[in-house]
Amino acid sequence: MELNFTGTDICAVNGTRSAPEAHYGLVVVGAGPSGVAAAIEAAKAGTKVLLVDENPVSGALMGNDVPLYFGGRMTAATQNSERMLEAIFMSMPELETAMEAGVELLLGTTAWGVYRNGPGVASLPEQVVGLADAERSWLIGFDHITLATGARDLAMAFPGWNQPGVMGAAALQMLLTRYDAFAGHRILVLGSHDLAIETAIMAHARGVEVAGLVEVRDAPQASAELQAKLAETGIAIHCNTAITSAKGGMDGVEAATLSNGQEVPCDTICVAIGLIPSIELVDAMHGGRSLNATRGGYVPLGEATVSAVGDCAGLADTGFDHVAYRMEWMQALTTISADDTIICQCEEVTRADLIGVQPPNYLSRPDPMCARSLDTLLQDGPANPDQIKRLTRAGMGVCQGRRCRDQVAMLLALESGKPFGSIPLASHRAPVRPLPMKIMADWNEPEAMSAAWDVWFGIPTQWVPVEDLGTQYEEDHRQMLYTGMYE
């Protein structure tokens, strides 16, 4: 058999990717105030700008607490995409200003991944951002990308938190202001720092009854100005107190029990302990980040073609140690709650499962697996959240760890006797939003990619071209692989 080794290897992936659908000088992800301002400034300077925002978010994503911790407290209005789109334009007049400045705007569009040329993605024609809407997915090339993805809520586990009616402050503010689609009537707020009091005041002003605020420390943590505004409303703060459980019924939360023995009737428990910069895209592109306790946690470091603005770049620095505050809440809830408290709602992983490094109950647990624990893993070195995730499935659900990733890192730090930050967060990978396979699939795959589909993974020792299977050439391929003739 005569072999021809000249030319390009048809099994190589380089040069086989489709070209991006378009190219922009700047892509801005997130149409909040900071993102819109960045887009307008660049457009006025003559840059071709694309501004994308995932709002209006579909009711299905909201039901999975993506991108915010909505807690099942949305009205049926969120199922009406046209009504939601109208609500966004009504609440954000600056979008019209951006379009008048020449910014191209895409709403209801998710940025699910950012890829730049490098050792792992050398087949890309240029650096690209992956976008998807309700119908399709596509790639856009860019010179620079600005992340204005804002911040998301830190979820905290306690008995009963895995039912409708437990939600985050950022999600509550979104439903009350941008969407006008909050389904609750009486809320209890966890926390007393600026976020918690601002949320309580806003809800009160919009006609929502606020049953009170709960604070584990011995005094309110917000600024004196905010505390004075809250006092004017008559809303009480329960200090030196934690929530011990949430009692529910057919529609979710009906009451909360506090550590002081008080039972508070409410249909919503708003977790307002802290906001976390939304850096999923940074993580997925392997961008740099650093822990900044006074700016909300991990913040992106930025680089030549990637920048971050707004809360995504870090919360306003008021000198408050957000990490210490959150760890104090976590310690209090861990002390009060039972070991069977759910930590990962999607996979129903309990605190005992996590610390015992066990899979959820729906999977088998052979004896060797039951013998392991966090203690046995720590004998081999520091806890690795990605390893813990694979062994317990905590963080593998449809919410992609938004409700549990930070909690897991905090619990591992507490159990290991180490400060938060010494144990990293579990990693994020694209797509950073749960998307249907029919949308992610590339239906316009170029012929160069499909020509050698059976070997494009680049693992020649494991593959033989499909057309040669069962023929006289199959053994020839194997012999060439073993003798190194393909090298």
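**View 1. Glu-225 is an exposed residue in helix α7.** The relative accessible area of Glu-225 is 57%, so the residue counts as exposed (over 50%; buried is under 20%, and partly exposed lies in between, with a 1.4 Å probe and protein chains only). Helix α7 covers residues 224-233. Helices (H or I, at least four residues) and strands (E, at least two) are DSSP runs, numbered from the N terminus. Asp-194 is 31 residues from Glu-225 in sequence. In space, the two are 9.8 Å apart, C-alpha to C-alpha.

This is a predicted model: local features need pLDDT of at least 70, side-chain atom pairs count only at pLDDT 80 or more, and totals for chains, interfaces and linings use all residues. Residues are numbered from 1 along each chain as its sequence is written, and side-chain values use heavy atoms, with hydrogens and water left out.

**View 2. Glu-280 is a buried residue in helix α8.** Helix α8 spans residues 280-284. Glu-280 counts as buried because its relative accessibility is 5%. Its side chain makes a polar contact of 3.4 Å with the side chain of Arg-402. A polar contact is a pair of N or O atoms within 3.5 Å; within protein, one must be able to donate a hydrogen and the other to accept it, and residues adjacent in sequence count only if both atoms are side-chain atoms. Leaving aside residues up to four places away in sequence, Glu-280 touches Arg-152, Arg-402, His-428, Val-432 and Arg-433. Contact here means heavy atoms within 4.5 Å.

**View 3. The largest cavity holds about 130 Å³ of space.** Of its 15 lining residues, Ile-276, Gly-297, Arg-326, Asp-406 and Phe-420 are the closest to its centre. Two or more lining residues come from each of β16 (275-277), β18 (297-300), α9 (322-336) and α14 (405-416). The lining divides into 10 nonpolar, 2 polar and 3 charged residues. Ala, Val, Leu, Ile, Met, Phe, Trp, Tyr, Cys and Pro count as nonpolar; Asp, Glu, Lys and Arg count as charged; the others, Gly among them, count as polar. The structure holds 4 cavities of 30 Å³ or more. On a 1 Å grid over the protein atoms alone, a cavity is a set of points where a 1.4 Å probe fits but cannot get out, and lining residues have an atom within 4 Å of a point. Grid points are joined across faces, edges and corners, and a volume is the space filled by probe spheres set on the points.

Terms used. 1 Å grid on protein atoms, 1.4 Å probe; cavity = no way out; pocket = protein on both sides within 12 Å on 5 of 7 lines; lining within 4 Å.
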